[in-house]
Amino acid sequence: MIFKSIYLDKFVSIDLETTGLNYSTDKIIELSAVKYESGKVIDAFTKLINPNKVISPFIEDFTGIKNSDVNNKESFLDISNDFISFIKDLPIVGHNIQFDLIFLDKALNNTHDIYNQSYICDTYYLSKIFLYGSNSFKLQSLCHDFDIEVGNSHRAEDDAKSAGDLFLVLLEIIQKFDLDKNKPNIIYFFI
């Protein structure tokens, strides 16, 4: 695939782990951005973050991130400039990316507009469109369908890499997709 022709020669796949699902009260505890160039991982930025609140036993079990892992770490605002410098203005990729963007936007506290990237691509929605026959649209299930290594699920760097690798597979599928041939299916899908 010629990534430059679609302005995706370079992109970052992001993921984060949080103390819960409520962006009003919960906080980021781990953040990762995996940088891709020409379809290959070239760098990664991953930080554990002190949320300044207690991580529940459920989240500790779910992510494997313990309170003791983050108690002496920097706050999000302490690492935010390094994160923004790492992602630059590159396209952002993620699975169910809106969840991550809402938390990032809130945590950035008006210091950076995370929605101002050149592209924001969601592997969840792309999968629902181009892999609509899948049994599950969970990241791990989709990766399993394409023999993509998932590593430790619910850890930011492994999930970011899984989403980035899934994005590459989706780009290959999209490139081969014949809109004229498949047009009735697309219309039916959106009705």
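Predicted model: local features only at pLDDT ≥ 70, side-chain atom pairs only at ≥ 80, totals over all residues.
## Notebook: burial, fold and salt bridges

I started with burial: 43% of the 191 residues of the protein chain count as buried.

**Overall fold**

Next I looked up the secondary structure, and the protein chain has eight helices and five strands. I wrote down their order along the sequence as β-β-β-α-α-α-β-α-β-α-α-α-α. The radius of gyration came out at 17 Å, close to the 16 Å from the globule rule for 191 residues, so the protein chain is as compact as a globular protein of that length. I also noted the box filled by the C-alpha atoms, roughly 55 × 30 × 30 Å along the principal axes.

Then I checked contacts. Taking those in the protein chain with a separation of 6 or more, 65% come from residues 24 or more positions apart.

**Surface and charge**

The protein chain exposes about 10500 Å², and I noted that carbon and sulfur atoms supply 51% of that area. For charges, I have 18 positive and 28 negative ones in the protein chain, with their mean positions 2 Å apart.

**Salt bridges**

How many salt bridges does a search of the whole structure find? My tally is three.

I took D26 and K53 to begin with. They form a salt bridge with the closest N and O atoms 3.5 Å apart. D26 sits in the loop between strand 1 (10–18) and strand 2 (28–37), while K53 sits in the loop between strand 3 (40–48) and helix 1 (57–63), so this pair ties together parts that are 27 residues apart in sequence. Is D26 buried or exposed? I have D26 down as buried, because its relative accessibility is 13% and the cut-off for buried is under 20%. K53 counts as partly exposed at 33%.

Next came R155 and E30, another salt bridge, with the closest N and O atoms 2.9 Å apart. Which parts of the chain does this pair tie together? I found R155 in the loop between helix 6 (139–145) and helix 7 (156–176) and E30 in strand 2, so the parts joined are 125 residues apart in sequence. E30 is buried, with a relative accessible area of 4%. R155 is partly exposed, with a relative accessible area of 24%.

Then I went to K161 and D165, where the closest N and O atoms of the salt bridge are 2.8 Å apart. Both are in helix 7, and being four residues apart there, K161 and D165 are separated by about one helical turn. K161 is partly exposed at 35% relative accessible area. D165 counts as buried at 17% relative accessibility.

**A look at F146**

I finished with F146, which I located in the loop between helix 6 and helix 7. Its relative accessible area is 31%, so I logged F146 as partly exposed. Which residues does F146 touch, leaving out those up to four places away in sequence? I listed L131, L166, V169 and I173.

Conventions:
Residues numbered from 1 in each chain as written. Heavy atoms only, no water. Helix = DSSP H or I, 4+ residues; strand = E, 2+ residues; numbered from the N terminus. Rg over C-alpha atoms; globule rule 2.2 N^0.38 Å. Buried < 20%, exposed > 50% of the residue type's maximum accessible area, 1.4 Å probe, protein only. Contact = heavy atoms within 4.5 Å. Areas by Shrake-Rupley, 256 points an atom, 1.4 Å probe, with all protein chains shown as cover. Lys, Arg positive; Asp, Glu negative; His and termini not counted. Charge placed at Lys NZ, Arg CZ, Asp CG, Glu CD. Salt bridge = Lys/Arg side-chain N within 4 Å of Asp/Glu carboxyl O.
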